[in-house]
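Visitor: I would like to learn how to read a few features of a structure. Please take them one at a time.

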Amino acid sequence: MSPESFISIFLGIGLAASVGFRVFLPLFALSLAGYSGIIPLNESWLWVASIPAVITLGIAMLAEIFAYYIPWFDNLLDTIAVPLAAIAGTAVMISTVADLSPVITWALAIIAGGGTATAIKGTTASTRLTSTATTGGIANPIIATVETGTAMVLSIFSILLPIVAIILVVLIFFGIRKLYKKLFKKSLKA
């Protein structure tokens with residue numbers, strides 16, 4: 001496997017992780033980067049780099065970001081966003097992976113792309129649900145802001161410095177693991 005293949009895998013995993021925080025922000029970033037010629041896209045995904053795709057994904061991104069600040073709607077949006085994250089995580093992985101056989105590309109896309117996005121989206125949805133139950137939703141805008149910021153940072157690093165992005169993804173998963181261990185430790189004591 002060539003170094004370009006590894007970089008494309010890191011790019012895809014980084015964007016898939018970003019999808020776990022916001023579905024449309026990394027897709028917009030991918031579209032913009034493809035349109036600008038910053039990253040190459042697979043031939044069948046060149047449409048993502050078109051002006052109509054940039055505009056459509058930009059509008060969808062803004063709508064999604066602002067929707068997470070509407071008190072009861074944010075939890076409803078999470079129920080829709082979990083399966084969308086799986087699809088979008090798979091899509092960003094497929095669109096960026098280079099020079100691999102279709103079997104390996106699809107396996108990576110489904111497992112690493114869709115799996116990463118779904119794991120993170122499931123965690124963020126659970127966090128928001130817990131916040132709603134414990135604070136009456138007052139802390140939800142703070143969580144939404146952190147998620148959007150994380151999606152932005154992760155998308156930018158994924159596109160410009162994919163090796164740093166993969167390190168951030170590993171750190172995020174370690175953080176999630178620590179959080180769950182802490183939560184389950186408390187629930188076992190109760």
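**Reading the features**

Guide: Trp 72 is exposed, its relative accessible area being 61%. Note that this is a predicted model.

Visitor: Is Phe 73 buried, partly exposed or exposed?

Guide: Phe 73 has a relative accessible area of 27%, which lies between the 20% and 50% limits, so Phe 73 counts as partly exposed.

Visitor: How is a pair of aromatic rings described?

Guide: Two quantities are used: the distance of the centres and the angle of the planes. In this structure a search of the whole model finds 3 aromatic pairs. In the pair of Trp 72 and Phe 73, the ring centres are 5.6 Å apart and the planes stand at 85°. Angles over 60 degrees count as edge-to-face, so this pair is edge-to-face.

Visitor: Where is Thr 105 placed, and is Thr 105 buried or exposed?

Guide: Thr 105 belongs to helix 5. Its relative accessible area is 9%; buried means under 20%, so Thr 105 is buried. With neighbours within four places in sequence left aside, Thr 105 is in contact with Ile 94, Val 97 and Leu 100.

Visitor: How many residues does the largest nonpolar core have, and which have the most contacts inside it?

Guide: The largest nonpolar core has 47 residues, and those with the most contacts inside it are Ile 13, Leu 30, Ile 39, Val 92, Met 93 and Ile 159. At least two residues of this core come from each of helix 1 (3–19), helix 2 (24–36), helix 3 (51–67), helix 4 (73–96), helix 5, helix 6 and helix 7. Helix 4 gives the most, with 8 residues.

Visitor: What is Ile 13 in contact with, leaving aside neighbours within four places in sequence?

Guide: The contacts of Ile 13 on that basis are Met 93, Ala 112, Thr 116, Ile 166 and Val 169.

Visitor: What is the volume of the largest pocket, and which residues are closest to its centre?

Guide: The volume of the largest pocket is about 410 Å³. It is lined by 17 residues, of which Thr 123, Thr 124, Thr 127, Ile 176 and Leu 179 are the closest to its centre. Helix 5 (102–135), helix 6 (140–160) and helix 7 (162–189) are the elements that give two or more residues to this lining. By type, the lining of the largest pocket has 9 nonpolar, 7 polar and 1 charged.

Visitor: How many cavities of 30 Å³ or more are there?

Guide: The count is 1. The largest cavity has a volume of about 30 Å³. Its lining is made up of Tyr 68, Tyr 69, Ile 70, Pro 71, Asp 74, Gly 137, Asn 140 and Pro 141, which divide into 5 nonpolar, 2 polar and 1 charged.

Note on methods:
Residues are numbered from 1 along each chain as its sequence is written. This is a predicted model: local features need pLDDT of at least 70, side-chain atom pairs count only at pLDDT 80 or more; totals for chains, interfaces and linings use all residues. Side-chain values use heavy atoms; hydrogens and water are left out. On a 1 Å grid over the protein atoms alone, a cavity is a set of points where a 1.4 Å probe fits but cannot get out, and a pocket is an open set with protein on both sides within 12 Å along at least five of seven lines; lining residues have an atom within 4 Å of a point. Grid points are joined across faces, edges and corners, and a volume is the space filled by probe spheres set on the points. Helices (H or I, at least four residues) and strands (E, at least two) are DSSP runs, numbered from the N terminus. Ala, Val, Leu, Ile, Met, Phe, Trp, Tyr, Cys and Pro count as nonpolar, Asp, Glu, Lys and Arg as charged, and the others, Gly among them, as polar. A nonpolar core is a set of buried Ala, Val, Leu, Ile, Met, Phe, Trp, Tyr and Cys residues joined through side-chain atoms within 4.5 Å. Buried means under 20% relative accessible area, exposed over 50%, partly exposed in between (1.4 Å probe, protein chains only). Contact means heavy atoms within 4.5 Å. Rings of Phe, Tyr and Trp (its six-membered ring) pair if their centres lie within 6.5 Å; planes under 30 degrees apart count as stacked, over 60 as edge-to-face and the rest as tilted.
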